[in-house]
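Here's a quick walk through a model with a ligand in it. Have the coordinates open as you read.

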Amino acid sequence: MKRIAVYCGASSGNNDIYKQAAVRLADWLVDNNLDLVYGGGGVGLMGILAQEVLDKKGLVYGIMPQELVDRGAAYDGLTDLQVVPNMSIRKQQMLELSDGCIALPGGPGTLEEIIEAFSWARLGDNVNPCVLYNVDGYFNPLKLMFDDMTNKGFLTSDDRNKLFFSDSLDDIYDFMNNYIPPIIRQYSK
Ligand code: AMP
């Protein structure tokens, strides 16, 4: 693994544990010689994450749609900022540039990005592992939803096991390093 795409809140949440987790994840990236690929924003957990990686002399690649750049959302001073026409191209580009995706706590944007990456993995359009960094159980309701989906026959157990929830960065590293993409989804009538 060389580069990791991180999805996270453009807000910081109302508890310092989320900011601390963003800093921990940034340190983990640099300690493991992994570059950061992210949305390019300077606010919320996004800004904290990028700032910490840069402070530790890591490399940060931001990818941002023109409309957000025009609104002044970009972090100034990234290793590289790629400006793309829209959000769809940004998400595709983030996957292409990286070898794995991790979601920190965040809002609808974060959720949409990591779930899309997982859905694309099942379609054969994303070979990268998808992980939810489950800081203080933030993603527990989502984990329950995925387990329920599996129990109720909307997701196979094999595919369920391709989406990893953990609050341990060591376990996350092992999962990502040993990941084998799902068998491409087939459809029966
Ligand atoms: P949310 O989780 O709803 O706060 O949205 C965060 C996600 O949406 C990030 O991973 C970004 O890709 C995108 N996003 C939303 N707002 C911004 C922003 N101000 N700057 C950059 N990206 C943003």
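Thr 110 is buried, with a relative accessibility of 3% (buried means under 20% relative accessible area, exposed over 50%, partly exposed in between, using a 1.4 Å probe and protein chains only). You'll find Thr 110 in helix H5; helices here are DSSP runs of H or I with at least four residues, strands are E runs of at least two, and both are numbered from the N terminus.

What does the side chain of Thr 110 reach at 3.2 Å? That would be the backbone oxygen of Cys 8. A polar side-chain atom of Thr 110 also sits 2.6 Å from an oxygen atom of the ligand. Polar contacts are pairs of N or O atoms within 3.5 Å; within protein, one atom must be able to donate a hydrogen and the other to accept it, and residues adjacent in sequence count only if both atoms are side-chain atoms.

## Ground rules

Keep in mind that this is a predicted model: local features need pLDDT of at least 70, side-chain atom pairs count only at pLDDT 80 or more, and totals for chains, interfaces and linings use all residues. Residues are numbered from 1 along each chain as its sequence is written, and side-chain values use heavy atoms, with hydrogens and water left out.

## Around the ligand

The ligand has 18 residues around it, and Ala 10, Arg 90, Gly 107, Thr 110 and Glu 113 come nearest (a residue is near if one of its heavy atoms lies within 4 Å). Arg 90 puts a polar side-chain atom 2.5 Å from a ligand oxygen, while Ala 10 uses a polar backbone atom, 2.9 Å from an oxygen atom of the ligand. On its own the ligand has 490 Å² of accessible area, and the protein covers 83% of that (Shrake-Rupley method with a 1.4 Å probe; for residues, only the protein chains shown count as cover).

Which helices each supply at least two residues of the shell? They are H4 (87-97) and H5 (108-123), with H5 giving the most, four residues. By type, the shell splits into ten nonpolar, six polar and two charged residues. Here Ala, Val, Leu, Ile, Met, Phe, Trp, Tyr, Cys and Pro count as nonpolar, Asp, Glu, Lys and Arg as charged, and the others, Gly among them, as polar.

## Two positive phi values

Lys 57 has a phi near 70°, a positive value in a residue other than glycine. Lys 57 lies in the loop between helix H2 (44-55) and strand S3 (60-65), and is exposed, at 73% relative accessible area.

Asp 136 isn't a glycine either, yet its phi is positive, about 50°. The loop that holds Asp 136 runs between strand S6 (130-133) and helix H6 (140-151). Buried or exposed, which is Asp 136? Exposed, at 60% relative accessibility.

Asn 178 sits in the segment after helix H8 (169-177) and counts as exposed, at 61% relative accessibility. From Asn 178 to Ser 11 it's 167 residues in sequence and 32 Å in space, C-alpha to C-alpha.

Asp 16 belongs to helix H1 (residues 16-31) and is partly exposed, at 47% relative accessibility.
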